[in-house]
Amino acid sequence: TDMKTYQQLWQSLTPLYDADEARAIVRTVLEVKYGMTLTDIICGKITELSADESIKLEEIMARLQKAEPVQYVLGEADFGGRKFRVEPGVLIPRPETAELCKWIVDTQKEKESATGKPAVHHPNILDICTGSGCIAITLSLDIPQSTVTGIDISEEAIATATENAKKLNSNTKIKHADVFDLLKMTKEGTKNEPSLDIIVSNPPYICEKEKADMAKNVLNYEPGVALFVPDEDPLRFYRAIAEIAALELVNGGRLYFEINPIYEKETRKMLEGFGFENIETQQDFYGKKRMMRAMKK
């Protein structure tokens, strides 16, 4: 048979990816689909695949060679050590977003060890633009006794997030809602007592003008609705979410954002305008200002 070697497989992706990434992608495929460890790969286990398996592998490679993201091809993505289902139409969870989750969880733990008691008993958390549910579900599993709701405008996202919550045994509630409708309802709502301890969001934040620098695999395959905002209004979602947070967070409640590093200053100013305090920015592991946290006074 014309069985491809590991080297031939990853080299077939180097027009699109650098060598390290191409190797990582092929390793992921071999691990997820065929249960191969790195040792198996090095020992040439690929040559032992059955005819059916190797046909399947060729089909997978053909999709990858068109720059389709490996997560869609495999139907799953790793996020903070858990496997999340991802389908086309739903944004692929990113490691930077897992860092945002870690910041939230660590903050809860710090408060706890400082006071010797839970930071907030049963914290009530809302994740806006939940996508695959990766933030909401991670927080529900990593913050004991939390009540978490994730909302999204996309039907595909809702279906995927619901499936992920079930698969990962999370009691996260997933609801279909539009941010701007939610803001309107919040403003018109009878003056309920604010009841949310944490609001978190990784909303669309990439400007159309940034498209030129983006990878084909993202542009051609991932949902634009989850990625892009108009050049003239880059903070469109942040402003609406901050206004919701100003009304719905309890005093001392926290708002967490994944942000566009190029608009860090503007985002901070906007939050100050809504009366938020203790506004802090954290860098992701690429050294980009990627996360922001603010407190409702």
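## Helix α9

In this predicted model, the exposed residues Lys184, Met185 and Glu188 sit on the face of helix α9 that is turned away from its buried side. The helix itself runs over residues 179-188, and its buried residues are Val179, Leu182, Leu183 and Thr186. These four lie on the same side of α9, because the arc they cover around the axis is only 100 degrees.

Several other elements cover the buried residues of α9, including the strands β3 (124-128) and β4 (147-152) and the helix α12 (236-248).

## The chain as a whole

Taken along the principal axes, the box filled by the C-alpha atoms of the chain is roughly 70 × 45 × 35 Å. The radius of gyration of the chain is 21 Å, which agrees with the value near 19 Å that a compact globule of 297 residues would have.

Among the contacts in the chain with a separation of 6 or more, 64% are between residues 24 or more positions apart.

## Burial, surface and charge

Of the 297 residues in the protein chain, 47% are buried. The accessible surface comes to about 14,800 Å², and carbon and sulfur atoms hold 51% of that surface.

The charged side chains of the protein chain number 38 positive and 47 negative. Between the centres of these two sets there is a distance of 3 Å.

## Threonine 160

Threonine 160 is part of helix α8, which spans residues 155-167. Is threonine 160 buried or exposed? Its relative accessible area is 3%, under the 20% cut-off, so threonine 160 counts as buried.

Which residues are in contact with threonine 160, once its neighbours within four places in sequence are left aside? They are Arg85, Val86, Glu87, Val90 and Ser132.

## Glycine 44

Glycine 44 is located in a loop, with α3 (38-42) on one side and α4 (51-65) on the other. The relative accessibility of glycine 44 is 24%. That value lies between the cut-offs of 20% and 50%, so glycine 44 counts as partly exposed.

How far apart in space are glycine 44 and threonine 5, C-alpha to C-alpha? The distance is 7.6 Å, while in sequence the two are 39 residues apart.

Notes: Residues numbered from 1 in each chain as written. Predicted model: local features only at pLDDT ≥ 70, side-chain atom pairs only at ≥ 80, totals over all residues. Heavy atoms only, no water. Rg over C-alpha atoms; globule rule 2.2 N^0.38 Å. Buried < 20%, exposed > 50% of the residue type's maximum accessible area, 1.4 Å probe, protein only. Contact = heavy atoms within 4.5 Å. Areas by Shrake-Rupley, 256 points an atom, 1.4 Å probe, with all protein chains shown as cover. Lys, Arg positive; Asp, Glu negative; His and termini not counted. Charge placed at Lys NZ, Arg CZ, Asp CG, Glu CD. Helix = DSSP H or I, 4+ residues; strand = E, 2+ residues; numbered from the N terminus. Arc of directions from axis to C-beta.
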